[in-house]
Amino acid sequence: MHIFKLVLLIKCIIVVSPSSKWILELGDNFIDVRKDGGYWLVKFYTPWCGHCKRLEPIWAHVVQALKNTHIRVGKVDCTIFPNVGKSFDITTYPTIKLIKAEEDFTFEGEKITDEIISFAIRLAGPPVQQVTRPESLINIKNMNQLFFMYVGERDGLLWNTFYDVASKFQAHAFYYSATEEIANKHVDIHTLPAVFVHKENSHYFYSGKDLNIVYLFTYLQSSTDLEGLGLKIQ
């Protein structure tokens with residue numbers, strides 16, 4: 001069985017260019033290979049597409065950045081393998097997707113190196129990433145203008161709701177959890193469990209009284225006007 005899967009993987013790799021040796025050229029068998037699991041960041045393109053050509057140097061940087069991760073990076077020429085494009089409902093070029101088993105997520109951000117890398121890393125991890133060291137939270141703040149954090153025991157209604165929201169919106173933002181001890185080194189936590197949003201160097205705490213948590217999260221991701229929400233800001 002393992003030998004069969006290996007053969008399928010080898011068959012789905014058509015060409016590996018010497019100048020971009022970490023980019024896998026994927027063919028028709030990728031439709032079956034993706035079902036075996038793992039994480040794939042795939043660019044669907046056509047040779048005649050001007051936007052695709054402009055993406056090539058950016059894609060090379062993405063490949064270089066992800067080469068030592070568990071994310072495999074590939075591309076599909078949809079003029080040669082139209083069935084692969086159809087199986088993923090590709091209608092515009094270039095389209096970038098993060099694919100894991102039967103799930104796939106379309107990148108909808110600005111096609112720049114950092115945004116694409118962030119998208120891939122976010123979706124290749126768990127919906128809620130656990131922060132285990134205080135210094136890790138410093139790095140998270142430096143890398144992300146917007147993220148969501150749960151503080152407290154990972155059980156109960158608030159945790160379950162937080163996890164559900166993270167699973168739904170994982171493609172759009174980072175979600176973390178931490179103990180009170182770690183979180184208190186960066187922000188004052190007065191009650192547990194707690195949920196706060198870090199946005200543009202401020203912390204906005206969810207009160208759990210006046211707002212539906214799903215509404216709060218979607219609103220904060222799309223709005224820069226936080227006045228009138230009744231949130232405690234630190």
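Helices (H or I, at least four residues) and strands (E, at least two) are DSSP runs, numbered from the N terminus. Residues are numbered from 1 along each chain as its sequence is written, and side-chain values use heavy atoms, with hydrogens and water left out. The model is predicted: local features need pLDDT of at least 70 and side-chain atom pairs count only at pLDDT 80 or more, while totals for chains, interfaces and linings use all residues.

**Exercise 1. Positive phi**

Task: find where Ala-101 and Asp-89 lie, and state whether each is buried or exposed, or in between.

Solution: 
- Step 1: Ala-101 is found in the loop between β4 and β5 (103–106), and its phi is near 55°, a positive value in a residue other than glycine.
- Step 2: Asp-89 sits in the loop between α4 and β4; its phi is also near 55°.
- Step 3: Apply the cut-offs: buried means under 20% relative accessible area, exposed over 50%, partly exposed in between (1.4 Å probe, protein chains only). At 27%, Ala-101 is partly exposed, and at 65%, Asp-89 is exposed.
- Step 4: For background, most residues other than glycine have a negative phi, and most peptide bonds are trans.

**Exercise 2. Cis peptide bonds**

Task: which residue does a cis peptide bond join to Pro-94, and which to Pro-193?

Solution: 
- Step 1: Tyr-93 is joined to Pro-94, with omega about -10°. Pro-94 lies in the loop between α4 (82–87) and β4.
- Step 2: Leu-192 is joined to Pro-193, again with omega about -10°. Pro-193 belongs to the loop between α8 (180–183) and β9 (194–199).

**Exercise 3. A helix pair**

Task: work out how α3 and α5 are oriented to each other.

Solution: 
- Step 1: The axes of α3 (residues 50–66) and α5 (residues 113–123) come within 9 Å and cross at roughly 45°.
- Step 2: Angles under 35 degrees count as roughly parallel, over 145 as roughly antiparallel, 65 to 115 as roughly perpendicular and the rest as oblique. The two helices are therefore oblique to each other.
- Step 3: Contact means heavy atoms within 4.5 Å; the residues making it include Trp-59 and Leu-66 of α3 and Ile-116 of α5.

**Exercise 4. The core**

Task: which residues have the most contacts inside the largest nonpolar core?

Solution: 
- Step 1: Such a core is a set of buried Ala, Val, Leu, Ile, Met, Phe, Trp, Tyr and Cys residues joined through side-chain atoms within 4.5 Å.
- Step 2: The largest has 19 residues, and Leu-41, Trp-59, Leu-66 and Ile-116 have the most contacts inside it.

How values were computed. Axes fitted to C-alpha atoms, helices over the stretch in contact; angles between N-to-C directions.
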